[in-house]
Amino acid sequence: SDSKVMTCAAVWRMPKELESGSHESPDDSSSNTQTLELLCHLDNTAHGNMACVIWEPMGDGKKIISLADNNILLWDLQESSAKAVLSSSAALEGKGQLKFTSGRWSPHHNCTQIATANDTTVRGWDTRSMRQIYCIENAHGQLVRDLDFNPNKQYYLASCGDDCKVKFWDTRNVTEPVKTLEEHSHWVWNVRYNHSHDQLILTGSSDSRVILSNMVSISSEPFGHMVDDDELSDQEDQHQEEKIKEPLQDSVIATYEEHEDSVYAVEWSAADPWLFASLSYDGRLVINRVPRALKYHILL
């Protein structure tokens with residue numbers, strides 16, 4: 001627009017044939033290309049460029065948060081979904097670089113909290129009052145690129161950034177990270193918790209690598225699966241007790257180097273907890289599985 005690049009957002013409806021549960025084969029040669037139906041634009045002309053758009057994780061899919069420059073906008077999709085109404089908003093105030101880079105909606109606390117990243121700071125917000133509830137200043141030495149909430153532990157949040165680090169926070173005490181991962185050699189663009197097994201962490205970086213880590217000590221199962229006492233003999237019992245006192249070790253499970261360029265996106269499959277995808281600047285999409293040995297170690 002007027003030789004300027006504007007970043008905008010819109011809501012689209014997928015064709016019925018593509019909805020989950022439909023048995024139509026998507027690669028059937030006789031089927032015509034499906035077109036998406038444009039429902040409405042999220043009008044951000046007054047607020048600046050959109051940095052990201054996030055659906056409410058639970059609920060009826062009627063609420064959306066968008067981050068535009070230094071504004072948080074909460075949208076309500078009307079019944080007809082032909083328009084989105086701005087129900088509330090908040091703005092970052094202060095000095096310095098006040099533009100959001102990313103945000104995540106927490107699946108906990110009845111979906112009333114979101115976390116945002118701007119510059120080197122991570123902030124928590126209550127979506128009911130649009131007020132700030134916590135602030136992690138200098139969460140990273142450089143720009144914070146991405147955030148993700150632990151799906152099983154309500155106060156745990158992961159962040160990553162241009163200081164090549166991934167950090168894990170307890171939002172009740174934000175003075176120090178609970179853990180820090182320093183495995184990447186360039187900016188970390190993405191961090192994602194596995195939806196089912198929250199010890200599995202996926203990160204993608206512009207060092208062209210995808211790293212799968214096992215952060216078991218800060219997961220919802222830090223001691224593995226507990227075994228019933230009745231099932232153990234005395235000797236096994238003693239051994240098991242020693243094992244339970246000893247938390248499992250955090251480690252890097254695998255480093256994937258199929259990409260030859262910066263990895264800008266990593267994502268777990270919504271349907272299969274052992275499957276994940278990564279996408280790099282050169283347009284290469286790679287799909288990988290969690291190593292089988294680790295899968296069985298977690299399950300058995």
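Two rings of Phe, Tyr or Trp (for Trp, its six-membered ring) are taken as a pair if their centres lie within 6.5 Å, and the pair counts as stacked with planes under 30 degrees apart, as edge-to-face over 60 and as tilted for the rest. The model is a predicted one, in which local features need pLDDT of at least 70 and side-chain atom pairs count only at pLDDT 80 or more, whereas totals for chains, interfaces and linings use all residues. Residues are numbered from 1 along each chain as its sequence is written, and side-chain values use heavy atoms, with hydrogens and water left out.

**The aromatic rings**

Begin by selecting Trp187, Trp189, Tyr264 and Tyr281, which ring pairs link into a cluster. The structure holds six aromatic pairs; one of them joins Trp187 to Trp189, and this pair is tilted, with 6.4 Å centre to centre and 45 degrees between the planes. Trp187 is partly exposed at a relative accessible area of 32%, and Trp189 is also partly exposed, at 23%, where buried means under 20% relative accessible area, exposed over 50% and partly exposed in between, with a 1.4 Å probe and protein chains only.

Next, select Tyr256 and Phe276, whose ring centres are 5.3 Å apart with the planes at 70 degrees, so this pair is edge-to-face. Tyr256 belongs to strand 18 (residues 251–256) and Phe276 to strand 20 (residues 275–280), so the pair ties together parts that are 20 residues apart in sequence. Strands here are DSSP runs of E with at least two residues, numbered from the N terminus. Both Tyr256 and Phe276 are buried.

Lys153 can be viewed in the same way, as it lies over the face of Tyr156, 4.2 Å from the ring centre.

Now select the open sheet of four strands in the order 7-8-9-10, where the pairing is antiparallel; two strands pair if DSSP finds at least two bridges between them. Strand 7 (100–105) and strand 10 (131–136) stand at the edges with a single partner strand each, so one side of each is left without a neighbour in the sheet.

Which residues cover the two faces of strand 9? Thr121, Arg123 and Trp125 are on one side and Val122, Gly124 and Asp126 on the other, all of them buried. Six of the six residues of strand 9 are buried, so this strand is largely enclosed by the rest of the structure.

Strand 8 (residues 113–118) is joined to strand 9 (residues 121–126) by six bridges, and the two run antiparallel. In the hairpin of strand 8 and strand 9, with two residues between the strands, Asp119 takes a positive phi near 55 degrees, and in the hairpin of strand 9 and strand 10, with four residues between the strands, Met130 takes a positive phi near 60 degrees.

Five bridges join strand 3 to strand 4 (residues 63–68), and Ile54 has Ile65 of strand 4 as its bridge partner.

Methods
Lys NZ or Arg CZ within 6 Å of the ring centre and 35° of its normal.
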